[in-house]
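Please consult the sequence and the model shown here while reading.

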Amino acid sequence: MKGPLMAKTLPSFDLESYLPYRLTVIAAELSAGLAKQYLARFSISIAEWRVLVNVGYTKGLSVRDIEKRVGLEKSKVSRAATKLETKGYLAKQVDSDDRRLLKLTLTDAGVQLLHELIPIAENYQAGLLQKLDHQADALHAALDKLMEKPK
């Protein structure tokens with residue numbers, strides 16, 4: 001019979017300072033913090049929020065476009081769009097150039113909903129910026145750099 005397993009030696013790695021890990025954790029926490037505010041009041045999920053604001057502020061989007069923009073699986077974007085359509089906030093139309101695509105547009109109710117949601121988002125961001133104080137500009141610059149597409 002073999003003795004106890006020897007502890008395997010792993011390479012040195014500081015997970016807590018690993019940037020992709022930290023960004024993922026903080027992104028989830030920030031999304032959840034904002035979601036608490038609009039979920040209770042408007043019954044809108046994080047995925048629905050992402051679809052709604054993208055449709056509202058970027059013209060001519062399809063489910064596929066939103067999937068690429070926000071990093072959500074196509075099925076989650078589709079379900080969120082369907083729920084928003086059922087609630088009367090979005091309309092779907094078949095794209096005239098590519099009949100496989102559904103273009104999404106806000107309804108009047110969707111526009112009204114964004115008029116109520118955006119102040120909540122802006123207040124949430126103001127609180128974050130206040131917490132960051134003078135470091136906010138540096139954070140925005142760093143994020144802009146990380147979001148640059150390779151040439």
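Leaving aside neighbours within four places in sequence, leucine 104 is in contact with Val51, Val55, Leu61, Ser62, Val63, Ile66, Ala81, Leu90, Ala91 and Lys92, where contact means heavy atoms within 4.5 Å. The model is a predicted one, in which local features need pLDDT of at least 70 and side-chain atom pairs count only at pLDDT 80 or more, while totals for chains, interfaces and linings use all residues. Residues are numbered from 1 along each chain as its sequence is written, and side-chain values use heavy atoms, with hydrogens and water left out.

Leu104 also belongs to the largest nonpolar core, which has 29 residues; Tyr38, Ile44, Trp49, Val51, Leu104 and Leu117 have the most contacts inside it. Such a core is a set of buried Ala, Val, Leu, Ile, Met, Phe, Trp, Tyr and Cys residues joined through side-chain atoms within 4.5 Å; buried means under 20% relative accessible area, exposed over 50%, and partly exposed in between (1.4 Å probe, protein chains only). Helices H1 (19-42), H2, H3, H4 (74-86) and H5 (108-132) each supply at least two residues of this core. H5 gives the most, with seven residues. Helices here are DSSP runs (H or I, at least four residues), numbered from the N terminus.

Helix H2 packs against two other helices, as tabulated below.

| Helix pair | Axis distance | Angle |
|---|---|---|
| H2 (46-57) and H3 (63-70) | 10 Å | about 110° |
| H2 and H5 | within 11 Å | roughly 110° |

Axes are lines fitted to C-alpha atoms over the stretch in contact, and angles run from 0 to 180 degrees between N-to-C directions. H2 is therefore roughly perpendicular to H3, and likewise roughly perpendicular to H5; this term covers 65 to 115 degrees. In the contact with H5, Trp49, Leu52, Val53, Gly56 and Tyr57 of H2 meet Leu113, Leu114, Leu117, Ile118 and Ala121 of H5. Towards H3, the residues of H2 are Arg50, Val51, Asn54 and Val55, which meet Ile66, Arg69 and Val70.

Tyrosine 38 and tryptophan 49 form a stacked aromatic pair, at 5.2 Å centre to centre and 20° between the planes. Rings of Phe, Tyr and Trp (its six-membered ring) pair if their centres lie within 6.5 Å, and planes under 30 degrees apart count as stacked. Tyrosine 38 lies in H1 and tryptophan 49 in H2, so the pair ties together parts that are eleven residues apart in sequence. Both tyrosine 38 and tryptophan 49 are buried.

Key
Angles under 35 degrees count as roughly parallel, over 145 as roughly antiparallel, 65 to 115 as roughly perpendicular and the rest as oblique. Rings of Phe, Tyr and Trp (its six-membered ring) pair if their centres lie within 6.5 Å; planes under 30 degrees apart count as stacked, over 60 as edge-to-face and the rest as tilted.
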